[in-house]
Amino acid sequence: MSLSSALSTAQSIFNNSGTQSSVVSKNIANAQNPDYVRRSAMVVTGGNGAMIGDIVRSQNAPLLRQTIESSSVASGQRTLLNGLESIKNLMGGNNNEFSPAKLITAFRNNLDAFASKANDTGLGMAVISSAQDLASGLNTAANELQQIRKDADEQIKQNVDDLNALLAKLEAVNNQVKNATASGADANDALDEREGLVKKISEIVGVTSYIRENNDLVLYTSDGVTLFEAVPRKVTFQPTAGFDAATTGSGVYIDGVALKAGESANTTAKGSIQALLQLRDEIAPTFQSQLDEIARGLITAFAETGPDGTLTPLTGLFTYKDSAGVQQTAVPAAGVTVPGLASRILVNPIVVPPTGTPDKLRDGGINGVAYVVNTGGSSYGDLLDKYNENLEGPMAFDPDTEIADAPDLLSFASDSMGWLEQLRSTATSADETKTAMLTRSLEAYSSNTGVSLDEELSLLLDIEQSYKAGTKLMATVDEMMQALLDIAS
């Protein structure tokens with residue numbers, strides 16, 4: 001080996017070691033960055049010996065796709081489960097103490113006591129009080145359920161705003177990647193940033209991607225709608241100012257195409273928006289219809305029909321107001337949900353002390369003397385027994401409630417909580433499964449593309465040894481040069 005060759009080799013060693021040290025240092029500095037992909041300095045053989053050919057990212061496209069997919073489904077499931085937990089909390093949490101079923105049970109116990117001792121005014125007042133608790137519970141649950149829908153609508157608006165902002169950033173970063181790739185510059189940092197943006201987008205809406213020439217990214221929704229191609233597609237949403245049982249929320253549109261809501265408790269939603277649409281437009285309205293049917297059932301069960309049951313049925317113990325706030329006397333039609341009835345049901349003021357009296361419930365006559373049933377005296381509880389039996393009597397319910405096969409009001413109220421609990425239980429199990437899948441996907445992707453400090457530190461030791469070899473070679477060349485100079489002198 002000539003001295004010039006030795007010098008060239010030493011120079012290559014120093015250049016390579018410097019580049020490798022820089023790459024390893026950057027890896028170590030980003031060891032805790034979830035969006036950073038490990039870099040490797042690729043050494044190749046050149047005309048003057050070994051040299052760094054390129055700085056390569058440890059990419060794994062199949063694992064990345066799986067991670068993005070898992071992120072979407074886990075985000076959708078978690079969003080739906082949070083919504084179901086909010087609805088369950090309206091019912092009083094795990095004990096469901098504010099559920100219609102428990103409130104009806106407490107009311108019925110007082111009604112039984114009053115029927116057995118119909119001349120006890122105190123027991124009558126207890127019935128009215130528990131009836132007020134029942135009506136108030138339905139009012140509160142219905143109103144707060146609409147607030148949950150409003151909150152979901154606001155979250156959809158925020159998610160759409162975030163999605164549009166992320167897509168705008170994606171355009172800028174994607175242009176950086178394309179320009180760097182086309183010019184042969186280092187695009188790795190831009191690729192990391194772009195990948196991180198796609199992960200965040202996938203938590204909002206399910207996506208699939210395609211890479212074109214010059215690393216150009218094209219992004220589609222899980223339903224095949226173009227979300228990003230050179231420029232972002234417009235994502236639009238019109239929020240709703242307020243919700244009641246008859247309100248239908250606006251849809252989310254991507255490039256003019258409506259985004260579908262998720263389906264079932266083990267939801268098909270990919271990303272949070274689809275789950276929020278499902279909660280706002282399907283689950284909450286169905287539960288609202290169940291509350292409305294419970295309210296209608298109570299009004300019907302306690303309607304007055306006169307001594308022989310032939311008079312026009314009019315609202316009795318339980319009545320309701322129309323949307324204008326006017327109290328009504330007509331009993332709602334059987335088997336048809338009256339939207340928002342649960343929020344407007346109330347106990348008839350005619351039986352509420354001090355201006356009213358529970359005797360009207362025991363004897364009839366809330367709607368006038370023609371409707372008086374009990375003329376035998378204060379100890380007769382036959383009418384109270386009849387009302388009690390009506391709670392377990394055959395009743396038809398709206399099929400849209402999804403539990404219309406319940407035979408009577410008590411069963412319907414119980415089935416309503418069972419329906420909600422079944423949804424929540426299934427959603428919880430699905431959330432655990434999808435979260436575990438996401439965790440495993442992230443671990444697998446990280447093990448293939450993430451930074452291992454042990455490996456990087458070991459590599460630093462190898463680089464150090466290479467550098468030492470270079471310094472030793474330089475020292476040898478220096479000694480030989482000095483020897484030549486000494487001979488020449």
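Biologist: What makes D216 and R212 a salt bridge?

Modeller: A salt bridge is a side-chain nitrogen of Lys or Arg within 4 Å of a carboxyl oxygen of Asp or Glu. The closest N and O atoms of D216 and R212 are 2.8 Å apart, so the pair meets the rule. This is a predicted model, in which local features need pLDDT of at least 70 and side-chain atom pairs count only at pLDDT 80 or more, while totals for chains, interfaces and linings use all residues. Residues are numbered from 1 along each chain as its sequence is written, and side-chain values use heavy atoms, with hydrogens and water left out.

Biologist: Which parts does the salt bridge of E229 and R212 tie together?

Modeller: The closest N and O atoms of E229 and R212 are 2.8 Å apart. E229 lies in strand β5 (residues 226–229) and R212 in strand β3 (residues 207–212), so the bridge ties together parts that are 17 residues apart in sequence. Helices (H or I, at least four residues) and strands (E, at least two) are DSSP runs, numbered from the N terminus. E229 is partly exposed, because its relative accessibility is 27%.

Biologist: How do you know that E69 and K270 link distant parts of the chain?

Modeller: E69 is in helix α2 (residues 61–90) and K270 is in the loop between β9 (257–258) and α6, 201 residues apart. Their closest N and O atoms are 2.9 Å apart. E69, with a relative accessible area of 28%, is partly exposed, and K270, at 23%, also counts as partly exposed.

Biologist: Why is the pair of F302 and F318 called edge-to-face?

Modeller: Rings of Phe, Tyr and Trp (its six-membered ring) pair if their centres lie within 6.5 Å; planes under 30 degrees apart count as stacked, over 60 as edge-to-face and the rest as tilted. The centres of F302 and F318 are 5.6 Å apart and their planes stand at 75 degrees, so the pair is edge-to-face. F302 lies in the loop between α6 (272–301) and β10, and F318 in strand β10, so the pair ties together parts 16 residues apart in sequence. F302 counts as buried because its relative accessibility is 0%, and F318 is buried at 0% as well.

Biologist: How many aromatic pairs does the structure hold?

Modeller: The structure holds 6 aromatic pairs. In one of them, F107 and F318 are edge-to-face, at 5.8 Å centre to centre with 70 degrees between the planes. Ring pairs link F107, F302, F318 and Y387 into a cluster.

Biologist: Which residues touch the most other members of the largest nonpolar core?

Modeller: A nonpolar core is a set of buried Ala, Val, Leu, Ile, Met, Phe, Trp, Tyr and Cys residues joined through side-chain atoms within 4.5 Å. Of the 100 residues in the largest core, I201, L298, F302, L317 and F318 touch the most other members. Helix α4 (residues 121–183) gives the most to this core, with 20 residues.

Biologist: What makes I487 exposed?

Modeller: The relative accessible area of I487 is 69%, and therefore I487 counts as exposed. I487 has its place in helix α11 (residues 453–488).

Notes: Buried means under 20% relative accessible area, exposed over 50%, partly exposed in between (1.4 Å probe, protein chains only).
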